[in-house]
Amino acid sequence: MTEAPLVVRDLSKSFGGLNVTRSVSLDLKPGEIHALIGPNGAGKSTLINLIAGELRPDSGAIRLNGVDVTGLHSEQRVRSGLARSFQVSSVLKDFTVLENALLAVVGRRQPALNWWRSTLSDTQGVEEAMAALEKVGLARRANAKVATLSYGERRHLELAMALALKPKVLLLDEPMAGVGTEEGHELTELVSNLRTDCAILLVEHDMDVVFALADRVSVLVEGRMIATGAPAEVREMESVQHAYFGTEDVW
Amino acid sequence: MLLLFLLLAVAPLGLEAYLLGELTRVMIYGMAACAVGFAIRHGGLVSFGHAAFFGMGAYCVLMARNAGYQDALLVWPLALLAVAVLALVIGLLSLRTGGVAFIMITLGFAQMVYFIISGSQSLGAADGLPLFGRDTLAGLSLDAIHGFHYLVLVALGLVLFVMVCLSRSPAGLALRGIAHDERRMKALGYAPKRLQLAAFVFSAVVTGFAGVLAANFYQFVGPAYLHWIVSGELLVMVALGGIASLSGGLFGALILVLFEAIFSEYTTYWRIFLGPAVILSVLYLHKGVHPAVERLLGGRDD
Amino acid sequence: MVFFLEQLLNGLNYGLLLFLIAAGLSLVFGVMHLINLAHGSLFMVGAFVTVGVAGWSGSFWLGALVGVVATFLAGLLIERLIVRSLYARSHLDQVLATFGLILFFNELLRWLSGGTPLFSPTPDGFGGAIEFFDGFFYSRYRLAVTVASLVVAAGLWFVLAKTRAGMLVRASASDPEMVRHIGFDVRLVGAMVFAAGAALAGLAGVMSGPLVSVEVGMGEQVLIIAFVIVVVGGMGSIQGTFWASLAIGLVDTLGRAYTPVLMGGFFEPRTVASVAPSLSAVLIYVLMAAVLIARPQGLFAR
């Protein structure tokens, strides 16, 4: 059997004596949505940034599809099949929706970057970009400037850009943050359908979303992974309830 | 934009030599300013060292002249090659850190080039040297201002055409993305530094070309080409013309030359008005004068 | 040996003066993330005001006092009128607006001074040289400047490291939100840091007056070197700025003193005379390049 798409082993990171990530291990199975939860300040964003390659771990290893990528830059990891979305929607606002998606398509094809031909005359690239937009239901807004999109639409575009990279592993950092209930439902269904394309590591605060989507859940508290398992199991664990929720029952 | 080109094309028919020369000067500085603006728009690189490339281009003409070569077809490509090598070295070093340090480092290296060249006796040291006539183009004389004006016009058109193509290409799009959000572009698989270096060298070569043309225009080469204030004035042109458009630098050059023409009527210390004007335009005219004018004319510009 | 000692002291003297200028630049960048090109202009204003007032009143000390106070007030005024609107702007806007300030100050002083270099008298009681030991004389004024700069640098360290105000400044640099939460006005901290930096640059100008010729353009000379210092020392690190200032001061001074001597061993005197000056002028930029290759974030960056 081949190795899981994403394997994280004993990852540690500290900032000036503060241990933000403590010997974290994690496996992402093919086709699963794996939710990462934990209270504020647990180190979820740091872990995502470590996996994406924006931060360097002090120790530990990260493997993508069996290849050790611990020493690679973030852009190199993208080319090894990793994509991420950002917590604060960071699509490029002065560009059109299509241009944003095209940037992702072209980014994947690096380093054979064309300097001369107009981007829009690259029919294959445009097709791929449109396909990604189609998937998230943004195709009809292709030529709109991003600045004119609603917040929810920008989150959709964020997803489309990640998809256009054709990743094996997708890191979603709070994809539903700040959207309304209805759009939230829409996004939840969308993410659920992505399972067939890639394995997903999902950071999410909303427990309803986590339970609707996740095949497995991992709990991060003070930089340490205290539990991993099926959602129902994890919910019952006393250590999780204690560390994460104190004595209050919020489930 | 087209309107301006049309005006520049018919100008030689009606203008006296001095005024025509002023227009040629606008095109030369405009070309350099467009190049500076290109690096900002495509790559987010604010260079305060482009005087080095402008001056390097000019001094290459002088060096070729010293060695006995005077034809543009031979001298100019070599000059651009020399500028490219210089830009590659400075770019590699300056891009090792990002952000605001880039401004300081490019300024520092430009000053270094200034000291090296202005200290060289064979290049006229602090006084510079006259060229005695322009370069020839395949044997044709360019000494008459009319012919030279058209040559510069064609060169400018060519440069802007190349810039439009580059900016629409995937690499150009990626560079615009890098100027907006470098981190985001890395997450899409781009290696920003390599692309930025290419954009920086391209921008430097175009600026060097403007320097070659300027040396031929004035028929004089001196350290003033390399002075840091040239870098500043190019940035001022970019800002006045508007950073959002490729040809903004050209309009900025026009505005600056007009400004000088108007205020130097009253005082030799006309820059005492330029300083506050620049400050006011930065504080209150966010996108430069050019977009405002374009809106008035109802035209569109890439 | 005597020559070496003298050059060493000169280098120390120069380095400490540079520190007074670079410190303000570095603090303003660290706290407000502002790149201020007009910082060198304040150095120039300090020197000019001192010469002017000293010439009018006959007292260097009155001139020095007015010089420092004037640059402090100029700093407050500039911060209030212009710089405050720039904190939230791009580095390009900051560069442009402060470049506008340079144009204004340079042209103003060129107009007021008539464009000729001025010479400041050495203050009474500090003329001549003192004899350290048998055969080793050193300028009394240079020694006094060295001591005064050291005292000011120590004072700056004390304020930043040991006082409440200094803690506030350091906190504003690393965590402005926190400063706001405990009820302080970050803008006020910014204004005071800017004005204090201006006064330090002004003080350096005041003290440099008798050592150099006071002329338009002197501000940008030191500005560019201060940028090199900030890059070498590491952005926003005041300790790095201090050591880098000393290093640059020593390298430049010793380089100028010894390059001709060292070259004399290998080349003809004529070659040495023509090459040595520009070679020693570029030494500090070579140092900057070396630092960028070895430690791009600066020697003392955390």
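In this predicted model, the contact between chains B and C takes 35 residues from chain B and 36 residues from chain C. Helices H5 (100–118), H10 (228–241) and H12 (271–284) of chain B each supply at least two residues of the side that touches chain C. H5(B) gives the most, with 12 residues. By class, this side of chain B divides into 26 nonpolar, seven polar and two charged residues.

How do the other chains meet? Two pairs of chains touch, and the most contacts are between chains B and C. Chain A and chain C do not touch. Their nearest C-alpha atoms are 10 Å apart.

The UniProt annotation "transmembrane region", from an unreviewed entry, covers several spans of chain C, including residues 37–56 and 95–113. Residues 37–56 of chain C are 90% helix and 0% strand, and the end C-alpha atoms of this span lie 30 Å apart. Residues 95–113 of chain C are 100% helix and 0% strand, with end C-alpha atoms 27 Å apart.

Now take one helix pair in chain C. Helix H6 (residues 164–174) and helix H8 (residues 186–208) of chain C pack at an angle of about 110°, and their axes are 10 Å apart. Angles of 65 to 115 degrees count as roughly perpendicular, so H6(C) is roughly perpendicular to H8(C). On the H6(C) side, the contact involves Leu168(C), Val169(C) and Ser172(C). They meet Val186(C), Val189(C) and Val193(C) in H8(C). The contact of H6(C) with H8(C) has five nonpolar residues, one polar residue and no charged residues.

Chain A holds an open sheet. Six strands build this sheet, in the order S6-S7-S8-S3-S9-S10 (chain A), and their pairing is mixed.

Leu82(A) stands opposite Val169(A) in S7(A). Helix H1 (residues 44–52) of chain A packs on the sheet. H1(A) touches strands S3 (33–37), S6, S7, S8 (199–203) and S9 (216–221) of chain A. The direction of H1(A) makes about 150° with that of S7(A).

Notes: Residues are numbered from 1 along each chain as its sequence is written. Chains are lettered from A and ligands numbered from 1 in the order in which they are written. This is a predicted model: local features need pLDDT of at least 70, side-chain atom pairs count only at pLDDT 80 or more; totals for chains, interfaces and linings use all residues. Two strands pair if DSSP finds at least two bridges between them. Helices (H or I, at least four residues) and strands (E, at least two) are DSSP runs, numbered from the N terminus. Two residues are in contact if their C-beta atoms, placed from the backbone, lie within 7 Å. Axes are lines fitted to C-alpha atoms, for helices over the stretch in contact, and angles run from 0 to 180 degrees between N-to-C directions. Angles under 35 degrees count as roughly parallel, over 145 as roughly antiparallel, 65 to 115 as roughly perpendicular and the rest as oblique. Ala, Val, Leu, Ile, Met, Phe, Trp, Tyr, Cys and Pro count as nonpolar, Asp, Glu, Lys and Arg as charged, and the others, Gly among them, as polar. UniProt positions are given in the numbering used here, feature names are shortened, and annotations may be inferred rather than shown by experiment.
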